[in-house]
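Have the viewer open as you read.

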Amino acid sequence: MPAHSLKPLAAVAGALVLAGSLTACGGSSAASDAKEITVYSADGLKADDGSGFYDKVFKDFTAKTGIKVKYVEGGSGEMVQRLAREKSNTQADVVVTLPPFIQQADSKGLLDTYKPAGSDQVAAADKDAGGKWTSVVNNYFCFIYNTKELKQAPKTWDDLLGDRYKGKLQYSTPGVAGDGTAVVIKAIHDFGGLEPAMAYLKKLQTNNVGPSKSTGALAPKVDKGELVVANGDVQMNYADMKSMPNQGIFFPAANATGKPTSFALPYAAGLVKDAPHTENGKKLLDFLLTPEVQQEVSSVGGGFPARTDVTATDANAAKLKAIMAGVEIFTPDWATVNTDLTSYVDAWKKATGS
């Protein structure tokens, strides 16, 4: 800010009006110099006991920069909806969601353009070519089961239709939670189209407990045996095993002769358009992609580094590699998923009566 000098009263008043208008515009305001930042994020990277990836990274970021992190957590779709509601009075500086919701945020005009330092080392498929978002933690879709209640993991989707799972199976809500939407995406892939996928999910509804806006809320229920199967993602559920040891990760195959399948479901971060602390947001995005933090994606967070030049060699990395062994990875067309998401959710609601 320039040094203050004595000015006529009218000029001062005009300056105050100008300052107010700049504040309303977001990142151009004096508030952007404040030592704080607000992050809206999908759940999975922060732990209740303070041992999660975000817990350490945010603490280290504050120690390095003096910028305090305010954190708001929810389902991926929920976070984008909140950004949209607040568009005229933006509260968040950085948003982190799973696809296709980061693409949805972009299509709604909620993201600014910024290519963080180190993003050149992120694979093209894991970032927006125009610089609207970049993956900061790689991840994969999965299901989880209670290892005490079940002697072995279910092998196929049809296994989940058995009476054993009635009232003991739950998945998060498509269109609200990123992992819930992933259930639909995987079903469409495995069954060969939207119609057969919906026919299956209609059958599965007999065993399904009901909607859940948060995937993270399901893991404790599986660990306690309230549920025996739920959906999730590898990073979140692997990290949960430290405090919830009765979880096993599995990937149902389309049929008895098929291979288990999954797809990348990264945590993708974007700078929020008209953010109140734009420069602080840029600093956090840069920090998340530093080689040091990317090494901690595995060792602390139980996930997969987003940078291709960072190779994790810690014990978690070895275990994660073993979890993914033999799993066939497919790549969704995220642009198409984003375009067709409403029709997917409508079809799911019709099929399941949700």
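Which strands does helix α2 lie across? Keep in mind that this is a predicted model. Helix α2, residues 53-65, lies across β1, β2, β3 (94-97) and β4 (134-138). Against β2 the helix runs at about 155°.

## The sheet

Now for what sits under that helix. Six strands make up an open sheet with mixed pairing, and the order is β2-β1-β3-β10-β4-β11. At the edges are β2 (68-74) and β11 (304-305), each of which pairs on one side only.

Take a look at β1, residues 36-42: this strand runs parallel to β2, and seven bridges join the two.

## Helices around it

Another helix to pick out is α9, residues 278-288, which lies across β1, β3, β4 and β10 (267-271). Its angle to β10 is about 150°.

The crossing is right-handed. Where they meet, α2 brings F53, K56, V57 and D60, while α10 brings V293, E296 and V297.

## A buried serine

S76 belongs to helix α3, residues 76-85. Is S76 buried or exposed? With a relative accessible area of 1%, S76 counts as buried, because the cut-off for that is under 20%.

What is around S76? Its side chain reaches the backbone nitrogen of L98 at 3.0 Å. Leaving aside neighbours within four places in sequence, the contacts of S76 are A42, T97, L98, F101, V176, A177 and G178.

## Two backbone details

If you're checking torsions, stop at the peptide bond from P99 to P100: it is cis, and omega is near 5°. P100 sits in the loop between β3 and α4 (101-107).

The other stop is D274, in the loop between β10 and α9. Its phi is near 60°, which is a positive value in a residue other than glycine. D274 is partly exposed, at a relative accessible area of 39%.

Terms used: Residues are numbered from 1 along each chain as its sequence is written. This is a predicted model: local features need pLDDT of at least 70, side-chain atom pairs count only at pLDDT 80 or more; totals for chains, interfaces and linings use all residues. Side-chain values use heavy atoms; hydrogens and water are left out. Two strands pair if DSSP finds at least two bridges between them. Helices (H or I, at least four residues) and strands (E, at least two) are DSSP runs, numbered from the N terminus. Contact means heavy atoms within 4.5 Å. Axes are lines fitted to C-alpha atoms, for helices over the stretch in contact, and angles run from 0 to 180 degrees between N-to-C directions. Buried means under 20% relative accessible area, exposed over 50%, partly exposed in between (1.4 Å probe, protein chains only). A polar contact is a pair of N or O atoms within 3.5 Å; within protein, one must be able to donate a hydrogen and the other to accept it, and residues adjacent in sequence count only if both atoms are side-chain atoms. A crossing is left-handed if the near helix is turned anticlockwise from the far one by less than a right angle, and right-handed if clockwise.
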